[in-house]
Amino acid sequence: MNMNSGVQNLVISLGAMQLARKIPFDDPDVLNYVRIGYVVSQIIALGVYYYVSMTIKRKNDQTVLKYVEPAAAMSGEPGQLVTTTVRDYDLSETSKLLRSAYMGVAMMGVMHIYFKFTQPLFIQALMGVKNLYDAKPVAIHLLGKAPVGDLKRPFKTASMFGPAGGPQTDAAAIAEAEKRVGKKEE
């Protein structure tokens, strides 16, 4: 059975919430251990993302990658043609993962320090490690998986409620976008 990432995150979060109910967070020692676990998981995630970005730079794959970026929802405009290299694409995807991790740490800091929530520390410590496992640049550059299928660039974004969406890579879509770009330049 192959569950998509969104459903896995939901199942893990719900399971972690049930488990977190049994943890005595009012004990200062337990709370400190959970804090340490959260910080360690985030340091590991940030360290892995940094290592992956260094690996991408070291490989320096200059293979050209062309795709049509999907238009914003409800905009009515066609997608934009993007021409980049595998190196730059992978670095931008890793940068998105880093930003997501930083935002999670900031939100967790506010929730824990300002609002005094403790259960999310435990849940986010688990989710940080799970997000590493789901990260496509990590799978390619750290785990050594081939960039085929779900790992084929440009990456498709998984949806909980339907087929994965994302950039169009077919020749017809790229040719149509190139025509639009050519018309704009005239």
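This passage describes the fold, the surface and a few individual residues of one protein chain.

The structure is a predicted model, in which local features need pLDDT of at least 70 and side-chain atom pairs count only at pLDDT 80 or more, while totals for chains, interfaces and linings use all residues. Residues are numbered from 1 along each chain as its sequence is written, and side-chain values use heavy atoms, with hydrogens and water left out.

The overall layout comes first. The protein chain contains six helices and two strands; here, helices (H or I, at least four residues) and strands (E, at least two) are DSSP runs, numbered from the N terminus. Read from the N terminus, the order of elements is α-α-β-β-α-α-α-α. The C-alpha trace spans about 70 × 40 × 35 Å along its principal axes. Contact means heavy atoms within 4.5 Å. Of the contacts between residues at least 6 apart in sequence, 65% join residues at least 24 apart.

Next comes the surface. Of the 186 residues in the protein chain, 30% are buried. Buried stands for under 20% relative accessible area, exposed for over 50%, and partly exposed for values in between (1.4 Å probe, protein chains only). Accessible areas come from the Shrake-Rupley method with a 1.4 Å probe, and for residues only the protein chains shown count as cover. A nonpolar surface patch of about 420 Å² is formed by Tyr33, Ile36, Val40 and Ile44. Patches are built from residues with over 30% relative accessible area and no salt bridge, joining like charges within 9 Å and nonpolar side chains (Val, Leu, Ile, Met, Phe, Trp, Tyr) within 5 Å. A salt bridge, in turn, is a side-chain nitrogen of Lys or Arg within 4 Å of a carboxyl oxygen of Asp or Glu. Ile36, one of the patch residues, belongs to helix α2 (residues 28-59).

As for charge, there are 21 positive and 16 negative side chains, and the centres of the two sets lie 3 Å apart. Lys and Arg count as positive and Asp and Glu as negative, with His and the chain ends not counted; each charge is placed at NZ of Lys, CZ of Arg, CG of Asp or CD of Glu.

Some backbone details deserve a friendly second look. Most residues other than glycine have a negative phi, and most peptide bonds are trans. Asn60, in the loop between α2 and β1 (64-69), has a positive phi of about 50 degrees although it is not a glycine. Asn60 is partly exposed, at 38% relative accessible area. Lys116 also has a positive phi, near 65 degrees, and sits in the loop between α3 (86-114) and α4 (119-134). With a relative accessibility of 61%, Lys116 counts as exposed. The peptide bond from Arg153 to Pro154 is cis, with omega near -10 degrees, and Pro154 lies in the loop between α5 (136-141) and α6 (171-185).

Two buried residues complete the picture. Glu93, in helix α3, counts as buried at 15% relative accessibility. Leaving out residues up to four places away in sequence, Glu93 touches Pro137 and Phe155. Pro120, in helix α4, counts as buried at 19% relative accessibility. Beyond its neighbours within four places in sequence, Pro120 is in contact with Met108 and Met111. The C-alpha atoms of Pro120 and Met17 are separated by 8.3 Å, although these residues are 103 residues apart along the chain.
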